[in-house]
Amino acid sequence: MNRVIAFHDLCGLGHSSLACALPIISACGHQVIAAPTSVLSSQTDGYENYARTGLTHFLHAALRHWVREGLQVDALYSGYLADLLQVAHVQFAVDQLLKPDGLVLVDPVLGDDGKLYPDFGQEMVEAMVQLIRHADIVTPNVTELCALTGRPLDQALTEADLKAAVLALADLGPKQIVVTSFATDDREITSCAYDVHLANFFFHRQDRLPAHYCGTGDLFASVLLGGLLKGMAFNDALVRADEFVGAAISLGMDQQAPRREGVPFEPLIGRLTQD
């Protein structure tokens, strides 16, 4: 059984972050060691007056405890990081807790819809650039790709622009890149993958569903990592992640699930145990 440390926030209400990573990666047959970066009463998009506690000091103590215990893991999954020191904590974990042949997936949670999240500025973008230098796989959305490569965040990218930005991100050192939620029209949504060693682009296109739910990027990254750790080929793991997210969105639409609560993926988890 592979062991994965997942750095992410924990939201009590909403299908996002660790609430996705823990069940999804576990269903793929791996042990998840939670490294919560903050605890919230709900996810933030669509809610007001939510309770929130940062856990930077907890991470410092937890990581050093794991080092003393001799913990070694097969993968690190980095999602939402609340501050610059938490980025340093992930880098510490890469150095001290990851096996020599371990896998590092960085989902550079910085923004969406053409803007950074309110708590983040250029310092956080630059820190994430440095973290990506330690990554094997990076899974930005289009806004985050633009931020990481110095492009205007609200730029409408053509496919040629997208490829140029991906190649610029590849110069930082990751072996594989997946850009999610790329769209040039209202009919299709595309994931763009690039394998550095093969110098090969792969585009997976799906029909664009008329709904937008919070947390789907967290769900995608969790399914992707779970598949890769089971030995799936990169493109196959990407397609499975895309299709799982699409099925969860369809289910959410059928159930008229509130957007702010994310997609109800639980009835679909059995699909991940069958491979």
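Is Lys175 buried, partly exposed or exposed? Select Lys175: at 38% relative accessibility, this residue counts as partly exposed. The cut-offs are under 20% relative accessible area for buried and over 50% for exposed, with partly exposed in between (1.4 Å probe, protein chains only).

Before moving on, know your model. It is predicted, so local features need pLDDT of at least 70 and side-chain atom pairs count only at pLDDT 80 or more, while totals for chains, interfaces and linings use all residues. Residues are numbered from 1 along each chain as its sequence is written, and side-chain values use heavy atoms, leaving out hydrogens and water.

**Stop 1: Asp136 and Lys175.** The term means a side-chain nitrogen of Lys or Arg within 4 Å of a carboxyl oxygen of Asp or Glu. Asp136 sits in the loop between helix H4 (122-132) and strand E8 (137-138). Lys175 lies 39 residues away, in the loop between helix H6 (159-170) and strand E9 (176-182). Helices (H or I, at least four residues) and strands (E, at least two) are DSSP runs, numbered from the N terminus. Asp136 is buried, at 10%.

**Stop 2: Asp45 and Arg259.** Select both. Their side chains form a salt bridge (3.0 Å, N to O). The partners are 214 residues apart. Find Asp45 between strands E2 (31-42) and E3 (52-54), and Arg259 after helix H8 (234-254). Asp45 is partly exposed at 37%; Arg259 is partly exposed at 33%.

**Stop 3: Asp185 and Arg187.** This salt bridge spans 3.3 Å, N to O. Asp185 is partly exposed at 24%, whereas Arg187 is exposed at 63%.

The model's count is six salt bridges.
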